[in-house]
Amino acid sequence: MKQMSFILALILAVFCSCAEKPEDGGNSSAKLADASDLKVEQLDLTTVKLVWKDNAEGEKGYRIFLRGESSSQTVEPLETLGADATEFVFGNLTTGGVYDFGVQAIADDFRYHSKVVYLNDYQMQVPDEPVIPEPPVEPEQPTEPEQPAVDPQRVPQVTKVKTSYAYVAVSYKVQKISGSNPEHGICFSETGAPTVDDIKVLGPQMSANAELLQVVPNAYLEDGKEYQMSVFVKDGDTYRYSEPQTVMLDAQPEAPQLTWEKQNYEGLADGIEIYKTTSQLNGRNFNAWYAVADLSKVDFKVTYPETKGSKKTVQSQAEAAEGCQVLINGAIYGNYNIGVIMTEGKMTQEWHGEIEGCYWATNSQLYQLTRPIIGVDRNGKAGAYWVGVPQQGTFYYYDRPQANVVGQAKYGPVSATSPVAAADWAPYYAISCGPMVLYDGKVAADNSMVDDTHYYTNYECWDESGVYSAHPDRSAVGVTADGKIVLFICDGRIDASQGAYMKELGPVMKSIGCVHAMNLDGGGSTGMWVSGAGMINYKDGSSWRAVKSTLGFFAK
């Protein structure tokens, strides 16, 4: 994963506080000048135009903010415009509602963004009392035939459906929509025509005549069950539905038949078992190990070097941690760990929104993400979720991901109700990485692609296709049906062991009893330390790489 770490580090250099100051004249080392003279022109009862004076020089663009009755009172950007922009139209607002509108000039380095300038407490106009019309006069001539009650162009049209064991992907469009980006998405029913009262999966941002690709992960659907599926769009106060279609997830891949031998290590705490296999995996040599722990007898913890930004080997972190029994490498990292890491119920690294899940930048677009996370609460109960971080210090945990597809329409900010209602989970020790390869017993990663570089199940917008297309050393963490934690590693890129594809990792974790499993950092970071034995895997013959985080089992 060295190549991936290098690429991620380059991308994060733009968006993180660790970024270098720009060397060219595009953005100077001084903050950009604030916008001024904000004015609002109400175009109709639900639409306004915000106008401002562009005072910045060399800005990358402008971000637009909205908060009020139809927002969650956060200050997340609603839209990003180009440089020198001086106006933006807000639609689909509430008549009589009170809103704050904000503008911010943005630089390549977020430290030099201007402040967000707000025009506060703007109240939308309320219509006058309606005039009661005179009773209609009976026409002398026959009236024209009545028009159809529903304009067919307002009904969503499905153009393509693709299924996999990991998802259902649907392409659709609507020619005429009411307002800007109305509520829309895909709904499923086990019997009869589906409605939004059945299984509802909200879609990305939409506009009229634009064709959308929306992916529904298999976490929303049951394996082996047939569904009726429709696309829906809210047209004013009415939901319009496409013609129902029958869909079903493809059959799950078979779990590999691997022979595991229990390993005996003197002094290992009661409640921990370690197994090894040298069975072939789909015709390739395969050396792998996993440790499984009963959390009523031992503790699960995530460790992190005390000095922020530092790295240490798995062995050095294990030897420095009191009571450590088993330890493996943790999250993928650039200058910081990629994802949320909780130790004793608190974040362990400084706030970096692009890293922790607030946004991820690729193809000049910002995508709102949910990242897989596995850990335990204060009572040691294991859990597996996706985490969304809409703003600093706010963490939402979901049992369904937001299914981004790189290059396609974006989703709005996550919230307590989007992509689904947030779960009541308070992790005490937890680590996020990705992708999730197994969830609710269903393999969650496959290798079907949107284009030459992007995968349908790549919901976190990883830029490196090698995450899926290569079979190097791998590391993973899983949860069993009875609440045990499993730590897994396999060697790769050597004759004795040639690693695992991402699509193989889920079936392997399922074969050893997991119902949830998440990919961790791999390649040269892959390593497992066991008390009394030290590092037990062979890797590719090189030394073990220093890493930024680890996870493992500790004596109570």
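Trainee: How many bridges pair strand 20 with strand 34, and in which sense?

Mentor: This is a predicted model. In it, strand 20 (residues 324-329) pairs with strand 34 (residues 528-530) over 3 bridges, in the antiparallel sense. Two strands count as paired at two bridges or more, so strands 20 and 34 pass. Across from V326 stands V530 of strand 34.

Trainee: Which sheet holds these strands, and in what order do the strands run?

Mentor: The sheet is open and has 5 strands. Their order is 19-36-20-34-35, and the pairing is antiparallel.

Trainee: What makes strand 19 and strand 35 edge strands?

Mentor: Each pairs on one side only. Strand 19 spans 298-303, and strand 35 spans 534-535.

Trainee: Why is the contact of K225 and E190 called a salt bridge?

Mentor: The N to O distance is 3.4 Å. The cut-off is 4 Å between a Lys or Arg side-chain nitrogen and an Asp or Glu carboxyl oxygen, so this pair qualifies. K225 sits in the loop between strand 12 (212-217) and strand 13 (226-235), and E190 in the loop between strand 10 (184-189) and strand 11 (199-202), so the pair ties together parts 35 residues apart in sequence.

Trainee: Why are K225 and E190 called partly exposed?

Mentor: Partly exposed covers the range between the buried limit of 20% and the exposed limit of 50%. K225 has 23% relative accessibility, so K225 is partly exposed. E190 has 48%, so E190 is partly exposed too.

Trainee: How do you know that D399 and R400 form a salt bridge?

Mentor: Their closest N and O atoms are 3.8 Å apart. That is within 4 Å, so the pair counts. D399 has a relative accessible area of 32%, so D399 is partly exposed.

Trainee: What about D482 and K484: what is the distance between their closest N and O atoms?

Mentor: The distance is 2.7 Å, and the pair forms a salt bridge. D482 has a relative accessible area of 54%, over the 50% limit, so D482 is exposed. K484 has 26%, so K484 is partly exposed. Elsewhere, salt bridges with shared partners join R154, D235 and R240 into one network.

Trainee: How many salt bridges does the structure hold?

Mentor: The structure holds 16.

Trainee: How many disulfides are there, and by what rule?

Mentor: The count is 0. The rule asks for two cysteine sulfur atoms within 2.5 Å.

Trainee: Why are C187 and C514 called buried?

Mentor: Buried means under 20%. C187 has 0% relative accessibility, so C187 is buried. C514 has 3%, so C514 is buried as well.

Key:
Residues are numbered from 1 along each chain as its sequence is written. This is a predicted model: local features need pLDDT of at least 70, side-chain atom pairs count only at pLDDT 80 or more; totals for chains, interfaces and linings use all residues. Side-chain values use heavy atoms; hydrogens and water are left out. Helices (H or I, at least four residues) and strands (E, at least two) are DSSP runs, numbered from the N terminus. Buried means under 20% relative accessible area, exposed over 50%, partly exposed in between (1.4 Å probe, protein chains only).
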